[in-house]
Amino acid sequence: MSAPISDAASDVKKGLEGVVAAETRIGDVDGQHCQLIYRGYNIDELAGRATYEEVSYLLLFGTLPTRAQLADWTRQLDAHRALEPKTLAILQSLPHQTGPMALLRTMTSVLGLDESESVDDTLEQMRQKAVRAVAVIPTIVAAIGRLREGKIPVMPKAGLSHAANVLYMLSGSVPTDGQAQALDAYFVLLAEHGLNASTFTARTVVGTKSDYFSAVTAAIGTLKGPLHGAAGRKAMDMLFEIGTPEQVTPYVQRTLADHKRFMGFGHRIYKGEDPRAKHLKRIAKQLGEASNDLKWFAISEQLQEAVQKAKGLYINVDFYAASLLYYLGIAPELFTAMFACARTAGWSAHIIEQASDNRLIRPLAKYAGPMDLRFTPLDARR
C-alpha cells in the first residue's frame, strides 16, 4: 500500500529548480535578462579584454589584479604548472584509453594524497591549493591527451601564458597569438556559472568540512555527465554527423521527425540565448577564417538558424565551443576536460566562499513510499 501524497508535495522542486540554496558574491546567472556576472562584471566586459589569469584572480580574490598583483599571480601559476615526477608516473601507469574525465578525476584525487586529513584547511591553505589546481589541472589534461595518442607528455614552457601553455603541452608546438587568445577567451567564458551541478557538488562536499581536493574531485565527477559538461563533445559529434552545410536541412528534418534532441540548444536558466554564445561564435569564425576552413562554422551557423526557426530554441555555451575547440586541434574526447580546466577557478572560489561561512548542506526529501508495513518472518515470505 502506498502512502497518499498530500498537497504538500507541490512544495517538492525536482532538481531543486528555482530553489535558492546559497548567497554568493562570486557570480550571477540572470536567466530573465540573459546576463552572466563575475564579481560585478558583466561577461561582455571581460570577454576578449581580460585574460584567464586576470579572471581567475578576480574570482578567487574579488577584484581584478593590479599589474604587480597579476605579475605575482602569474609567477605562482608558473611555479605550480609542472607535474611532479611521481604524479606523472602514476598517470603513466593508468590505462591511457580510459575516458579522459575518468583519468582526470583520478589524478585530481592523487593531487590530494599529500594533504593531511587531521588538520582543517584554513582559507589561506585552500587558496594555495586552488593556485596549484588551477595551474596543474591543464597540465594533467594535456598529458592525458598525449598519452592517449601514444605520445610522450610535454611539460610547460616558461614565458607562455596559461592558455598558450595548454596548447603547447597538447601539440608540442608554440601556438599562434590568435590560437592562444581564442583558448584564453574560452577559459574566461567558462570559468564560472553560479550554482551549476558541479559547483553545487563542490560546495556540498566542502560543506561537510571535507578537504579541497575532495571537493574538486567530486565536481569533476559531476561535470563528466552528459547533461552537464559532456554536452560539448556531443555537439561536435552532431556536426560530424551532418558533415556538410548542404546536409543541415535534411538533418534538422530527420531529427524533428525522430523527436530527438539538438545538442547545444536550450538552457535550464537562460530564457533566451546564452550570453557566452555570441563570443564563442565570433571566435570560432575567426579560427575558421585563419585556417581557411569555414566548414564547421558554416554548418553551425546554418544549424543555429534552422533550429531557431523550426523549434524556437536558442543556442547555449556548448554549441560554438565545439567548433572553437576543434579548430584549435583539440580532440573531441578532451572537450569536457577542457571545460574542467576553465571551471577550476570558479569551483575554487565557491569552495572557499562556502568554507568561509559554512553551514552543512542538507536538503529534505518528501517520502512517497509505503507505510505501516509489518515484519514477515523469512520462511513466510513469498
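## Pockets, a cavity and helix packing in a predicted model

The structure is a predicted model, in which local features need pLDDT of at least 70 and side-chain atom pairs count only at pLDDT 80 or more, while totals for chains, interfaces and linings use all residues. Residues are numbered from 1 along each chain as its sequence is written, and side-chain values use heavy atoms, with hydrogens and water left out. Helices (H or I, at least four residues) and strands (E, at least two) are DSSP runs, numbered from the N terminus.

The search for spaces runs on a 1 Å grid over the protein atoms alone, where a cavity is a set of points in which a 1.4 Å probe fits but cannot get out, and a pocket is an open set with protein on both sides within 12 Å along at least five of seven lines; lining residues have an atom within 4 Å of a point. Grid points are joined across faces, edges and corners, and a volume is the space filled by probe spheres set on the points.

The second largest pocket holds about 770 Å³ of space. Its lining is made of 34 residues, and Ala21, Ala22, Glu23, Gln354 and Ile361 are the closest to its centre. Besides helix 16, the elements that supply at least two residues each to the lining of this pocket are helix 2 (52-61), helix 6 and helix 9. In classing residues, Ala, Val, Leu, Ile, Met, Phe, Trp, Tyr, Cys and Pro count as nonpolar, Asp, Glu, Lys and Arg as charged, and the others, Gly among them, as polar. On that basis the lining of the second largest pocket has 19 nonpolar, three polar and 12 charged residues.

The largest pocket contains about 1,400 Å³ of space. Its lining has 40 residues, of which Leu195, Asn196, His267, Arg268 and Ile269 lie nearest the centre. Two or more residues of this lining come from each of strand 1 (27-30), helix 9 (197-207), helix 15 (317-327) and helix 16 (335-356), and strand 1 provides the largest share, four residues. By class, the lining of the largest pocket divides into 17 nonpolar, 14 polar and nine charged residues.

The count of cavities of 30 Å³ or more comes to one, and the largest cavity has a volume of about 60 Å³. Among the residues that line the largest cavity are Tyr186, Leu190, Asp318, Phe335 and Phe339. Helix 15 and helix 16 each give two or more residues to this lining, and helix 15 gives the most, with four residues. The lining of the largest cavity divides into seven nonpolar, three polar and one charged.

**Helices that pack together**

Two packed helices are described by the angle between their axes and the distance between the axes. Axes are lines fitted to C-alpha atoms, for helices over the stretch in contact, and angles run from 0 to 180 degrees between N-to-C directions.

| Helix pair | Angle | Axis distance |
|---|---|---|
| Helix 3 (67-80) and helix 6 (123-148) | roughly 70° | within 8 Å |
| Helix 11 (231-242) and helix 15 | about 75° | 8 Å |
| Helix 8 (177-189) and helix 13 (277-290) | roughly 165° | within 10 Å |

Angles under 35 degrees count as roughly parallel, over 145 as roughly antiparallel, 65 to 115 as roughly perpendicular and the rest as oblique. Helix 11 and helix 15 are therefore roughly perpendicular to each other, whereas helix 8 and helix 13 are therefore roughly antiparallel.

A crossing is left-handed if the near helix is turned anticlockwise from the far one by less than a right angle, and right-handed if clockwise. Helix 3 passes helix 6 in a right-handed crossing, while helix 8 passes helix 13 in a left-handed one.

Contact here means heavy atoms within 4.5 Å. In helix 8, Gly178, Gln179, Ala182, Ala185, Tyr186 and Leu189 meet His279, Leu280, Ile283 and Leu287 in helix 13, and the residues of this contact divide into seven nonpolar, three polar and no charged. Where helix 11 meets helix 15, the residues in contact include Gly232 and Met236 in helix 11 and Asp318 and Ala322 in helix 15, and the contact as a whole has nine nonpolar, two polar and one charged.
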